[in-house]
Amino acid sequence: MTTLNDLPAHYREPPFAEDCAPRRILRLFSGKWTTMVLHTLHLLGGSARPGQLMRNIPGLSKKMMTQTLRELESAGLVSREVRQVMPPHVDYCLTSMGELVVEPINMLYDWAVRHADTLDRIESGSGTNPA
C-alpha cells in the first residue's frame with residue numbers, strides 16, 4: 001500500500017497544480033457512470049453490447065450510456081466495434097489502456113465492499129468527527 005512518504009514531494013502538500021495526477025484522475029472519473037461502465041465491461045470479459053450494459057447497470061439510461069461510451073472511446077479506454085452481420089451488432093471493448101485504468105477502480109470497489117458499514121454511516125450522516 002502506498003503511504004504519504006512514497007509520493008513525490010510535490011504531492012505531499014498543497015497547493016496542487018491544475019495538471020497534477022490527483023486532478024487528472026478526478027477529471028477522468030468525473031462522469032457519473034464512467035467507473036461503472038468500465039467495471040462492468042471488465043466483469044463481462046472486456047466487451048459487451050449496449051443492451052448488456054444497460055441490463056447490468058440499473059439506472060443507466062440509454063442517453064447516458066451513449067454519452068459515457070463516447071467519452072470513454074474518445075479517451076482511448078474503450079473501442080467501438082461494428083460487426084457486419086444482419087442486423088449489424090455493436091460491441092464496446094476495453095482497450096489495453098482501459099484494462100489498466102480498471103485496476104484502481106477494482107481496488108476502490110473492493111475497498112467499498114469491505115467497508116460497507118463506513119459507507120452506510122457516511123451516507124446516513126452519522127459519521128463521527130474526532131474532537
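Which residue is the bridge partner of S79 in β3? That partner is C93. The model behind this is a predicted one, in which local features need pLDDT of at least 70 and side-chain atom pairs count only at pLDDT 80 or more, while totals for chains, interfaces and linings use all residues. Residues are numbered from 1 along each chain as its sequence is written, and side-chain values use heavy atoms, with hydrogens and water left out.

The sheet comes up here before the helices. Helices (H or I, at least four residues) and strands (E, at least two) are DSSP runs, numbered from the N terminus. Two strands count as paired if DSSP finds at least two bridges between them. On that basis, three strands make up an open sheet in the order β1-β3-β2, and the pairing is antiparallel. At its edges sit β1 (47-48) and β2 (78-83), each pairing on one side only. In general, strands of a sheet pair through backbone hydrogen bonds, either parallel or antiparallel. Between β2 and β3 (residues 89-94), which run antiparallel, there are six bridges. These two strands form a hairpin, with five residues between them.

P87 is found in the loop between β2 and β3, and the peptide bond leading from M86 to P87 is cis, with omega near -15°. As background, most residues other than glycine have a negative phi, and most peptide bonds are trans. V85 lies in the loop between β2 and β3 too.

Contact here means heavy atoms within 4.5 Å. With neighbours within four places in sequence left aside, H89 is in contact with R49, E81, V82 and R83.

Now for the helices. Helix α2 (residues 34-43) lies across β1, β2 and β3, running at about 100° to β3. For such angles, axes are lines fitted to C-alpha atoms, for helices over the stretch in contact, and the angles run from 0 to 180 degrees between N-to-C directions. Seven of the 10 residues of α2 are buried, so this helix is largely enclosed by the rest of the structure. The buried ones are T34, T35, V37, L38, H39, T40 and L41. Just after α2, G45 takes a positive phi of about 90°.

Helix α2 also packs with α4 (residues 62-74), at an angle of about 75° and with the axes 10 Å apart. The two are therefore roughly perpendicular (angles under 35 degrees count as roughly parallel, over 145 as roughly antiparallel, 65 to 115 as roughly perpendicular and the rest as oblique). Here T34, V37 and L38 in α2 meet T68, L69 and L72 in α4. Sorted by class, this contact has four nonpolar, two polar and no charged residues. In this sorting, Ala, Val, Leu, Ile, Met, Phe, Trp, Tyr, Cys and Pro count as nonpolar, Asp, Glu, Lys and Arg as charged, and the others, Gly among them, as polar.

What about the inside? A nonpolar core is a set of buried Ala, Val, Leu, Ile, Met, Phe, Trp, Tyr and Cys residues joined through side-chain atoms within 4.5 Å. The largest one has 19 residues, and V37, L38, L41, L69 and V78 have the most contacts inside it. Two or more residues of this core come from each of α2, α4, β3 and α5 (96-114). Leaving aside neighbours within four places in sequence, L41 is in contact with G46, S47, A48, L53, V78, Y92 and L94.

Helix α5 has another partner, α6 (residues 116-124): the two pack at an angle of about 80°, with axes 5 Å apart. That makes α5 roughly perpendicular to α6. W111, A112, V113 and R114 in α5 meet A116, D117 and L119 in α6, and the residues of this contact divide into five nonpolar, no polar and two charged. S96 is also found in α5, and this serine is exposed, with a relative accessible area of 66%.

Definitions and conventions
Buried means under 20% relative accessible area, exposed over 50%, partly exposed in between (1.4 Å probe, protein chains only).
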